[in-house]
Amino acid sequence: MPADKKIKVIIADDHAILREGLKQILSETEDIEVIAEAQNASEAIHYACKLDADVLLLDISLPDRSGIDALRYIKKENTKIAILMLSMHREDQYAIRSLKAGAAGYLGKQGASSELVNAIRVIAKGKKFITPEVADALANQVMDTEKPLHESLSDREFQTLTLIASGLTVGEIALRLSLSVKTVSMYRTRLLEKMQLKHNAELTHYAIKNNLVD
């Protein structure tokens, strides 16, 4: 990227206050320009595929579709755009899944104020942005000869697991993910089978034991 060319950024997050906060941080730079804002996955996909943007800041939890689902779709349609996943979840929960799905980096929202600008500049150059926490998570996965059971879950199954463990009912999860109750029940059945568990109480116990929920 030419030194005098601004980095064009799209912000995708369903919270207007957070979008304004991110815009404020980026407005203090001379080499970064926010060209669009999206409040859901559909808008994020539309802008990322239609606009000439360099970087997409993509929230991992969006109301109409998960950020990782949107990430996969966007990378199929636009391989050039660099995507930085933003999340309230700890790095060991979703960072590796995001990177495997095609993200150029993963940043916790709690660290956005101090690391966001650097992260954007790094991935705009075609590099990966890896925080020390993500590096630790990657190292732990490489060193573990026996992967934990939840590593075998699909992204939707893993998301369903964390939401059940957070106390949500199948109906509430269906509303949160914009899915049918039948579909969420299917994910629940699959993850129980894969993890050799019998009911929600065991799921919750497993999630807490493995630090999958806050």
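Predicted model: local features only at pLDDT ≥ 70, side-chain atom pairs only at ≥ 80, totals over all residues.
Trainee: What makes the phi of Ser178 worth noting?
Mentor: Most residues other than glycine have a negative phi. Ser178 is not a glycine, yet its phi is positive, near 55 degrees. Ser178 sits in the loop between helix 8 (170–177) and helix 9 (181–195). Asn211 is also a non-glycine with a positive phi, about 55 degrees, and belongs to the segment after helix 10 (200–209).

Trainee: Why is Ser178 called partly exposed?
Mentor: Under 20% relative accessible area is buried, over 50% is exposed, and partly exposed lies in between (1.4 Å probe, protein chains only). Ser178 has 45% relative accessibility, so Ser178 is partly exposed. Asn211, at 48%, is therefore partly exposed as well.

Trainee: How do you know that helix 7 is largely enclosed?
Mentor: Eleven of its eleven residues are buried, so the rest of the structure largely encloses helix 7. Among them are Asp155, Arg156, Glu157 and Gln159, besides Leu161, Leu163 and Ile164.

Trainee: What makes a group of residues the largest nonpolar core, and which members touch the most others?
Mentor: The members of a nonpolar core must be buried Ala, Val, Leu, Ile, Met, Phe, Trp, Tyr or Cys, joined through side-chain atoms within 4.5 Å. The largest such core has 46 residues, and Leu56, Leu58, Ile83, Met85 and Leu161 touch the most other members. Helix 7 (residues 155–165) supplies the largest share, five residues. Another core, of 23 residues, lies apart from it and includes Val55, Leu84, Ile123 and Phe129.

Trainee: Which residues does Leu161 contact beyond its neighbours within four places in sequence?
Mentor: Leu161 contacts His150, Leu153, Leu191, Met195, Leu203 and Leu212, contact being heavy atoms within 4.5 Å.

Trainee: How many aromatic pairs does a search of the whole structure find?
Mentor: The search finds one. Its members are Tyr94 and Phe158, 5.3 Å centre to centre with 80 degrees between the planes. Ring centres of Phe, Tyr or Trp (its six-membered ring) must lie within 6.5 Å, with planes under 30 degrees apart stacked, over 60 edge-to-face, and the rest tilted. The pair of Tyr94 and Phe158 is accordingly edge-to-face. It links helix 4 (residues 91–101), which holds Tyr94, to helix 7, which holds Phe158, across 64 residues.

Trainee: Why are Tyr94 and Phe158 called buried?
Mentor: Tyr94 has 6% relative accessibility, so Tyr94 counts as buried. Phe158 has 1%, so Phe158 counts as buried too.

Trainee: What sits over the ring of Phe158?
Mentor: The charged end of Arg97 does, 4.4 Å from the ring centre. The test asks for NZ of Lys or CZ of Arg within 6 Å of the centre and within 35 degrees of the ring normal.

Trainee: Why do strand 2 and strand 5 count as edges of the sheet?
Mentor: The open sheet has five strands in the order 2-1-3-4-5, paired in parallel. Strand 2 (32–38) and strand 5 (105–108) each have a single partner strand, so one side of each lacks a neighbour in the sheet. On average, neighbouring strands are turned by 25 degrees against each other, direction ignored.

Trainee: How do you know that strand 4 and strand 5 pair?
Mentor: Pairing takes at least two DSSP bridges. Strand 4 (residues 82–87) and strand 5 have four, in the parallel sense. Leu84 is bridged to Gly105, and Ser87 to Gly108.

Trainee: Why is Lys80 called exposed?
Mentor: Its relative accessible area is 78%, so Lys80 is exposed. Lys80 lies in the loop between helix 3 (67–77) and strand 4.

Technical notes:
Residues numbered from 1 in each chain as written. Heavy atoms only, no water. Helix = DSSP H or I, 4+ residues; strand = E, 2+ residues; numbered from the N terminus. Axes fitted to C-alpha atoms, helices over the stretch in contact; angles between N-to-C directions.
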